[in-house]
Amino acid sequence: MNVVVCVKQIPDPAAPGALDPNTHTLDRSGKLILDDSDAYGVEMGLQLAAGDGDEVILVSMAPNGETSGLRTALAMGAAKAILVSDDALAGTDALGTAKVLAAAIKRAEPDLVLTATESTDGYTGTIPAQVAELLGLPSITFAKKIAVDGGSVKVERQTEAGYDEVECPLPAVVSVTAGVVEPRYPSFKGIMAAKSKPVDVLSVSDLGVGADQVGASGARQEITDVSKVEERAGGEIVVDEGDGADRVLAFLEELKVI
Amino acid sequence: MALDNVWVLAEVTESGPTSLSLELLTEARKIGSKVAAVSWGAHTAEHAAMLGEYGASKVYDVGDVGETLPGVPVAGAIAALVAGGDRPDALLIPASYDGRDVAGRLSVKLDRPVLTNVVGLSDDGQSTQHTLFGGTTALSARFTGDGPFLYVVRAKSFAAEPGGGASPEVVSAPAPEAGPAGATKVSARHVEERSGPKLDEAPVIVSGGRGLGSADKYEMIEELANLLHGAAGASRAIVDAGWVPYARQVGQTGKTVKPNVYIACGISGATQHLVGMKGSKNIVAINKDQDAPIFSVADLGIVGDVHKVVPALIEKLKSR
Ligand SMILES: Cc1cc2nc3c(=O)[nH]c(=O)nc-3n(C[C@H](O)[C@H](O)[C@H](O)COP(=O)(O)OP(=O)(O)OC[C@H]3O[C@@H](n4cnc5c(N)ncnc54)[C@H](O)[C@@H]3O)c2cc1C
Ligand SMILES: Cc1cc2nc3c(=O)[nH]c(=O)nc-3n(C[C@H](O)[C@H](O)[C@H](O)COP(=O)(O)OP(=O)(O)OC[C@H]3O[C@@H](n4cnc5c(N)ncnc54)[C@H](O)[C@@H]3O)c2cc1C
């Protein structure tokens, strides 16, 4: 079985984020790392594609030929990667990204495509369904458990009230939540092996995606204004000297909650 | 100038339209001169009057989608309406599980981009507001191409208020044949126990985080919430750890809540948690680390041990 895992490479979320002063889009010029949210998909893919001849293939779209996040996922055990990197992609929106990812995914002829439910930096959460629609595949979003059984995938899908058991025939797109599996840490051996694993770097035209579908103009949306939000003013901070509960009670009484 | 036709993707359950759907209908009245709702499932007709009361003069009823997930058939039905010439200038879509599926599918079918995580709209419905970097930065955006404009809106961005509208006209808008994409099948539905008010509707929320130390300590969070007639919430750390169901999660990837009082117990206050709760009217934080970021948004901060403060609070409330 071939499992494609979409992995996004993003600016380190622990560092303060910055917007490009001209386009107001996220500054992605620095070093990028594997989005934590995608480590779950990679782990899930590795567990589902553990048989002989099974493969996990990574697909990523990122600027400047970035591969450091891909290397992390390759070190976890993925076999190879397709990276789409092209200056024409700067400012691409979610739909344009989905078009690029779908075209790259097709090349890997997957039985199953895994994504996260949403990325850490853009978090539109629309890519999984967009990719599925572009590929003409069924999709099950918000998976908290996945099993493959013959030609179909069975998923426990989070819902407002609890969860649903949902299944569909393969090939399919499934988006995973952070609860789906516990990602492994890459071993030293894995890290060494990752260095020589193949990464196929493609441009937009290699994929046959029209230049008018991507980039800032393909996005057909613009950011018109950016401003600082007024910080919520902090209140009274007191150290509990055995009176903590009373302080809370007094506060709730004042608000007439009790 | 307001938009002409604004549609709302309204999720209608057995007990009625979801609160987010009503929030969107209320906002649609403000930005559009004509408001319609698009609904699916078995309960549309029975609750159509309420959709009307909140602003819909017309309801497109996709009908029962059977055991398939709604994303494909509902997006298909809307695309079919548009192809037939019945098109909205804007469609407001709830940022919910099914709402996001519909948005993604529909954007491809119509080849239209989506503005997502919308938390505000200009009166003319042409400009959206978003927050980023943990709510420290606000951003406005707009579409530069043709509609229909697809907006995915977060919960609690607008207050739901009935507008006194009459019962709407309900028209059938069946889903077209879906092909392989529609081949999902829900074989069982599991409802996790929940007592008391819903998280996004409760006037008081008591949330627990990793500072509780272990899963069994979450009981005191539930007990305190109960005593305050509120709901119990959680940080993602303890949801991922499997202590509590996801439905309790507050934050960027969970629920956005704006209760009268939010009490955070043993929660550090990561930006992804803060974005989901800092719109609360009053915030109380209990954390043993005086430098915890949660204190920066707290109206009352208790630097202390949750295992002492919370049980004492429970005792005192019980003895009142
Ligand atoms: C703060 C912010 C707000 C934005 N708002 C919007 C908006 O409203 N509308 C819009 O169209 N665009 C928006 N964008 C741009 C959008 O984030 C990018 O287009 C991005 O390339 C794809 O969207 P996402 O990461 O939000 O996708 P999501 O749907 O959140 O991603 C889901 C999953 O898809 C996979 N995936 C996504 N991108 C890639 C990739 N490049 N390579 C490999 N796998 C990937 C990952 O598994 C990811 O977890 C926004 C960006 C930012 C920074
Ligand atoms: C893409 C993405 C999305 C995310 N979405 C969300 C989200 O929706 N919601 C969310 O909550 N998080 C989210 N997170 C995770 C978030 O970054 C934090 O990891 C999480 O909120 C931390 O949970 P916590 O505060 O319970 O745990 P910790 O950060 O571990 O904090 C525990 C706190 O408890 C205190 N403590 C310990 N013992 C005691 C004691 N005895 N008494 C009192 N205090 C004590 C500690 O001082 C500490 O401040 C997201 C992260 C990412 C990357």
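This is a predicted model: local features need pLDDT of at least 70, side-chain atom pairs count only at pLDDT 80 or more; totals for chains, interfaces and linings use all residues.
On the side of chain B that touches chain A, the largest share comes from helix α4 (residues 97-110) of chain B, which gives 10 residues. Sorted by class, that side of chain B holds 37 nonpolar, 23 polar and 20 charged residues.

The contact as a whole takes in 80 residues from chain B and 76 residues from chain A. Between these two chains an area of about 7,000 Å² is buried, and carbon and sulfur atoms give 55% of that area.

## Salt bridges across the interface

Side chains of opposite charge can pair when their charged atoms come close. Across the interface of chain B and chain A, 12 salt bridges are found, while the count over all chains comes to 24.

One of the bridges between the chains joins Arg100(B) and Glu118(A), whose side chains meet at 2.6 Å, taken from N to O. This pair crosses from helix α4 of chain B, where Arg100(B) lies, to the loop between β6 (112-116) and α4 (127-135) of chain A, where Glu118(A) lies. Are the two partners buried or exposed? Arg100(B) has a relative accessible area of 10% and is therefore buried, and Glu118(A) is also buried, because its relative accessible area is 9%, the cut-off for this class being under 20%. Another bridge links Arg157(A) with Asp101(B), and here the closest N and O atoms are 3.1 Å apart.

## Salt bridges within a chain

Within chain A, the side chains of Glu55(A) and Lys80(A) form a salt bridge with an N to O distance of 3.6 Å.

Within chain B, Lys318(B) and Glu223(B) meet through their side chains in a salt bridge of 2.8 Å, N to O. This pair, too, links distant parts of its chain: Lys318(B) is in helix α8 (residues 306-318) and Glu223(B) is in helix α5 (residues 218-227), and the two are 95 residues apart. Lys318(B) has 48% relative accessibility and so counts as partly exposed, as does Glu223(B) at 31%. Salt bridges can also share partners, and in this way Lys8(A), Arg28(A) and Asp121(A) are joined into one network.

## Helix α3 of chain A

Helix α3 of chain A runs over residues 94-107 and so has 14 residues. From its first C-alpha to its last it reaches 20 Å, which is close to the 20 Å expected at 1.5 Å a residue.

How many residues of α3(A) are buried? The helix is mostly covered, with 12 of its 14 residues buried; among them are Ala94(A), Leu95(A), Gly96(A), Thr97(A), Lys99(A), Val100(A) and Ile105(A). An α-helix has 3.6 residues a turn, so residues three or four places apart point the same way. After α3(A) comes Glu109(A), whose phi is positive, near 45°.

How values were computed: Residues are numbered from 1 along each chain as its sequence is written. Chains are lettered from A and ligands numbered from 1 in the order in which they are written. Side-chain values use heavy atoms; hydrogens and water are left out. Helices (H or I, at least four residues) and strands (E, at least two) are DSSP runs, numbered from the N terminus. The expected span of a helix is 1.5 Å times one less than its number of residues. Buried means under 20% relative accessible area, exposed over 50%, partly exposed in between (1.4 Å probe, protein chains only). Contact means heavy atoms within 4.5 Å. Buried area is the accessible area (1.4 Å probe) that two parts lose on being put together, summed over both. A salt bridge is a side-chain nitrogen of Lys or Arg within 4 Å of a carboxyl oxygen of Asp or Glu. Ala, Val, Leu, Ile, Met, Phe, Trp, Tyr, Cys and Pro count as nonpolar, Asp, Glu, Lys and Arg as charged, and the others, Gly among them, as polar.
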